[in-house]
Amino acid sequence: PAEVAPKVFAAAMVNSGQVCVAIKRIFVHESKYEAMVQAFCKEASKAKDGMRDGLLEGSRYGPVNNAMQLARVEELVDDARGS
């Protein structure tokens with residue numbers, strides 16, 4: 001999981017996750033689940049430093065594109081929190 005998580009996280013966050021081929025779900029064997037969750041949490045924590053105004057130097061992830069995309073992101077977050 002520690003080797004795979006950064007690659008999957010990066011693929012999921014391409015263009016701030018606003019592309020039709022962005023990874024939305026992954027399947028992980030139950031024996032690897034907790035390790036993968038921890039690895040993803042580590043990647044998300046690191047990514048927070050790059051989430052800001054897309055015009056600022058050092059930004060890795062800019063704002064969502066429009067209200068429809070914001071609603072979709074909020075839907076995904078709600079789904080993740082419910083899991």
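These are my notebook entries on one protein chain, taken from a predicted model.

**Entry 1: overall layout**

I started with the secondary structure. I counted three helices and zero strands in the protein chain. Read from the N terminus, the order is α-α-α. Next I looked up burial. Of the 83 residues, 18% are buried. The chain exposes about 6,600 Å². Carbon and sulfur atoms supply 57% of that area. I also looked at contacts between residues at least 6 apart in sequence. Of these, 53% join residues at least 24 apart.

**Entry 2: helix α1**

Which residues of α1 are buried? I found Ala5, Val8, Phe9 and Ala12. I looked down the axis of α1 to see how they are arranged. Its buried residues fall within an arc of 100 degrees, so they line one face of the helix. An α-helix has 3.6 residues a turn, so residues three or four places apart point the same way. I then asked what covers the buried residues of α1. The cover includes α2.

**Entry 3: helix α2**

I moved on to α2 and its length. It has 15 residues and spans 21 Å from first C-alpha to last. That is close to the 21 Å expected at 1.5 Å a residue. The buried residues in α2 are Met36, Ala39, Glu43 and Ala47. Down the axis of α2, they fall within an arc of 80 degrees, so they too line one face of their helix. On the other side of α2 I noted Glu34, Gln38 and Lys42 as exposed. The cover over the buried residues of α2 includes α1.

**Entry 4: the aromatic pair**

I searched the whole structure for aromatic pairs and got one. Phenylalanine 9 and phenylalanine 40 form the pair, with 6.4 Å centre to centre. Their planes stand at 65 degrees. Edge-to-face needs over 60 degrees, and this pair is classed that way. At 11% relative accessibility, phenylalanine 9 counts as buried.

**Entry 5: glutamate 43**

Is glutamate 43 buried or exposed? I found a relative accessible area of 12%. The cut-off for buried is under 20%, so glutamate 43 is buried. Glutamate 43 sits in helix α2 (residues 33–47). Leaving out residues up to four places away in sequence, glutamate 43 touches Ala5, Pro6 and Phe9.

Note on methods:
Residues are numbered from 1 along each chain as its sequence is written. This is a predicted model: local features need pLDDT of at least 70, side-chain atom pairs count only at pLDDT 80 or more; totals for chains, interfaces and linings use all residues. Side-chain values use heavy atoms; hydrogens and water are left out. Helices (H or I, at least four residues) and strands (E, at least two) are DSSP runs, numbered from the N terminus. Buried means under 20% relative accessible area, exposed over 50%, partly exposed in between (1.4 Å probe, protein chains only). Contact means heavy atoms within 4.5 Å. Accessible areas come from the Shrake-Rupley method with a 1.4 Å probe; for residues, only the protein chains shown count as cover. Rings of Phe, Tyr and Trp (its six-membered ring) pair if their centres lie within 6.5 Å; planes under 30 degrees apart count as stacked, over 60 as edge-to-face and the rest as tilted. The arc is that of the directions from the helix axis to the C-beta atoms. The expected span of a helix is 1.5 Å times one less than its number of residues.
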